[in-house]
Amino acid sequence: MTVIVTGGAGFIGSNFIFYMLKRYPDYRIICLDKLTYAGNFSTLASVMDNPRFRFVRADICDRKAVYNLFEEEHPDIVVNFAAESHVDRSIENPCLFLKTNIIGTATIMDACREYGIIRYHQVSTDEVYGDLPLDRPDLLFTEETPIRTSSPYSSSKAAADLLVLAYHRTYGLPVTISRCSNNYGPYHFPEKLIPLMIINALSDKPLPVYGEGINVRDWLYVEDHCKAIDLIIHKGRAGEVYNIGGRNEMRNIDVVKMICDALGKPYTLIRFVTDRKGHDLRYAIDATKIHNELGWFPETKFADGIKKTVQWYLDNREWWETIISGEYQNYYEKMYGNI
Ligand code: NAD
Ligand code: TDX
């Protein structure tokens, strides 16, 4: 099997590449990535010499480059992780999100139509369902929950999902979609909540919590997400959407306090700052469908996963220090300069 993984130099895509190379000793994995600010070539250093791995730097919106790669490799499976992924950046620059997340998805699927594939998998997000109230713990997102987006990011991901389903209905493309809750783990880009808090706490910098810190996210260890995608691309039914989630709802403030505890840092570092515009209150996934159909369940408990993640950031300082010393500083200053 030959698998093209787009966005494989990012957080989840890279973890997926490591997982797949280990799990399937006879698969070839090709990573197609533009290396935007969020993509790091160094992340893939450990697999660059693997003869079953190939890295290609290209934009998923670049039709010629994408078609050339399909012409050369004739992939069996395509897993599309490539996206602009940060909600705060989408609030600043929506159009970039529309281009990459919608046009890019269509371009990759056109190549799939042209060359033929066994499976196209779209890595989507629980954010397409909007949010849930804080005072109704009984409500969860199922695959039947209507699409109701809040941010330019989630709107672009929802548009891509609709296109994917349209390509299935119109062209018979064998697609699947997964909608996963918040991931955490190694190689998570420093702009996101968990790595940001670990990195700031390590240097005794303020920990910026939006609003009152009461927003709830359903955290899943990244390897559990990779295992779910592996099951879906091999055993999932074409044309179907599968929710993936940790059944692990936590308020942001409690996540930040756990990180302080893990690093022995005081809660006095925490600063409540201006809330994110349109901030989704609560995400919670009902993953019954993937459990019943494919036998998937989250294996890593949050208490263990967060310890492993904190340790990873302690052991891999060079990886994140290189990132935060570059252009990231301008972003950080703009977002958090006044705290
Ligand atoms: P990330 O921002 O860490 O990585 C994105 C990768 O895509 C980077 O390597 C970047 O260089 C690449 N990329 C961006 N634009 C590109 C383009 N035009 N052409 C080629 N490559 C491009 O993102 P992530 O957190 O790993 O998320 C991966 C996917 O999973 C995204 O589609 C995201 O919407 C989805 N998702 C993420 C989470 C989460 O918690 N992080 C949860 C659910 C779903
Ligand atoms: O500085 C911060 N302070 C803060 O309180 C940051 C960066 C975030 N937050 C809050 C906002 C959210 O309620 O923490 C929560 C998590 O924020 P992010 O890490 O930005 O993730 P989120 O917005 O929930 O989106 C993530 O999960 C779904 C990913 O970035 C998306 O790509 C994925 O689709």
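Ring pairs join Tyr37, Phe189, Tyr328, Tyr331, Tyr332 and Tyr336 into a cluster. For scoring, rings of Phe, Tyr and Trp (its six-membered ring) pair if their centres lie within 6.5 Å, with planes under 30 degrees apart called stacked, over 60 edge-to-face and the rest tilted. A quick word on provenance: this is a predicted model, where local features need pLDDT of at least 70, side-chain atom pairs count only at pLDDT 80 or more, and totals for chains, interfaces and linings use all residues. Residues are numbered from 1 along each chain as its sequence is written, chains are lettered from A and ligands numbered from 1 in the order in which they are written, and side-chain values use heavy atoms, leaving out hydrogens and water.

The charged end of Arg89 sits over Tyr37, 3.6 Å from the ring centre, while Lys205 lies over the face of Tyr332 at 4.6 Å.

Searching the whole structure turns up 23 aromatic pairs. One of them, Tyr184 with Tyr221, is edge-to-face, at 5.5 Å between centres and 65 degrees between planes. Tyr184 belongs to strand 7 (residues 183-184) and Tyr221 to strand 10 (residues 220-221), so this pair ties together parts 37 residues apart in sequence. Strands (E, at least two residues) and helices (H or I, at least four) are DSSP runs, numbered from the N terminus.

Tyr187 is buried at 18% relative accessibility, and Trp319 is buried at 9%.

Now to the ligand. Of the 28 residues around ligand 1 (a heavy atom within 4 Å), Ile12, Asp33, Ser85, Tyr153 and Lys157 come nearest. Here are some polar contacts (N or O atoms within 3.5 Å):

| Residue | Residue atom | Ligand 1 atom | Distance |
|---|---|---|---|
| Leu35 | polar backbone atom | oxygen | 3.5 Å |
| Thr36 | backbone N or O | oxygen | 3.0 Å |
| Asp59 | side-chain N or O | nitrogen | 2.8 Å |

The protein covers 97% of the 840 Å² of accessible area that ligand 1 has on its own (Shrake-Rupley, 1.4 Å probe). Strand 5 gives the shell its largest share, three residues.

Methods. Buried < 20%, exposed > 50% of the residue type's maximum accessible area, 1.4 Å probe, protein only. Lys NZ or Arg CZ within 6 Å of the ring centre and 35° of its normal. Polar contact = N/O pair within 3.5 Å; in protein donor to acceptor, adjacent residues only side chain to side chain.
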